[in-house]
Amino acid sequence: MTDGRTASHLSSVQLQSLRQELREQLEQRSRHLRGLRAQEQDGSGADGTWQELAVSIIAAERTVAELSQACDRLAAGAYGRCAHCQTPIPFERLKVRPLARTCIDCQRRHEAA
Ligand SMILES: [Zn+2]
């Protein structure tokens with residue numbers, strides 16, 4: 001059951017399920033971002049609303065970029081490892097947070113810092 005190309009701790013079924021999850025989220029977020037941009041084009045935003053909109057657009061753009069990078073990493077077989085210590089991130093964690101880039105230990109350390 002090894003395909004030789006990737007040495008992932010995740011099974012092909014798990015990878016498949018994560019890939020699908022990432023794609024669905026990417027699709028959803030991209031649609032959301034297009035909606036926000038359309039609102040921005042409308043230029044209806046009086047007072048503070050356009051500023052809120054601008055913040056939402058930046059956040060949505062970041063999420064879309066992260067999701068698309070995660071898809072790339074997954075395709076490259078580099079998905080699911082901690083960005084700091086290279087520890088494999090358990091499937092259960094990725095399933096809940098497909099964008100998790102660090103293991104729980106590193107995240108705690110990061111949050112404590
Ligand atoms: Zn780590």
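What you have open is a predicted model, in which local features need pLDDT of at least 70 and side-chain atom pairs count only at pLDDT 80 or more, while totals for chains, interfaces and linings use all residues. Residues are numbered from 1 along each chain as its sequence is written.

**The whole chain**

Show the chain as a cartoon, and you will find 4 helices and 0 strands, where helices (H or I, at least four residues) and strands (E, at least two) are DSSP runs numbered from the N terminus. Read from the N terminus on, the elements follow the order α-α-α-α. Of the 113 residues of the chain, 11% count as buried, a class that requires 20 or more other C-beta atoms within 10 Å of the residue's own, whereas 12 or fewer make a residue exposed and anything in between partly exposed, with C-beta atoms placed from the backbone.

**Helices H1 and H2**

Next, select residues 12-42, which form H1, and residues 49-76, which form H2. The end C-alpha atoms of H1 are 45 Å apart, which agrees with the 45 Å that its 31 residues should span at 1.5 Å a residue, the expected span being 1.5 Å times one less than the number of residues. H1 and H2 pack at an angle of about 155 degrees, with their axes 9 Å apart; the axes are lines fitted to C-alpha atoms, for helices over the stretch in contact, and angles run from 0 to 180 degrees between N-to-C directions. That angle makes H1 roughly antiparallel to H2, since angles over 145 degrees count as roughly antiparallel, under 35 as roughly parallel, 65 to 115 as roughly perpendicular and the rest as oblique.

Within this pair, return to Glu24, which counts as exposed with 12 C-beta neighbours inside 10 Å. Glu24 and Leu67 are 43 residues apart in sequence, yet 9.8 Å apart in space, C-alpha to C-alpha. Then pick Gln28, also found in helix H1, which is partly exposed with 13 other C-beta atoms within 10 Å. From Gln28 to Val64 the separation is 36 residues in sequence and 9.2 Å in space, C-alpha to C-alpha. Just after H1, stop at Gly43, which takes a positive phi of about 65 degrees.

Move on to Gly77, placed in the loop between H2 and helix H3 (91-96). Gly77 is partly exposed, with 15 other C-beta atoms within 10 Å, and although Gly77 and Leu15 are 62 residues apart in sequence, they are 9.5 Å apart in space, C-alpha to C-alpha. With 8 C-beta neighbours inside 10 Å, Gln86 counts as exposed.

**The annotated regions**

Finally, colour residues 77-111, which UniProt lists in an unreviewed entry as "domain: Zinc finger DksA/TraR C4-type". The end C-alpha atoms of residues 77-111 lie 27 Å apart, and the span is 40% helix and 0% strand. For "zinc finger region: dksA C4-type", the unreviewed UniProt entry lists residues 82-106, a span whose end C-alpha atoms lie 8 Å apart and which is 36% helix and 0% strand. UniProt positions are given in the numbering used here, feature names are shortened, and annotations may be inferred rather than shown by experiment.
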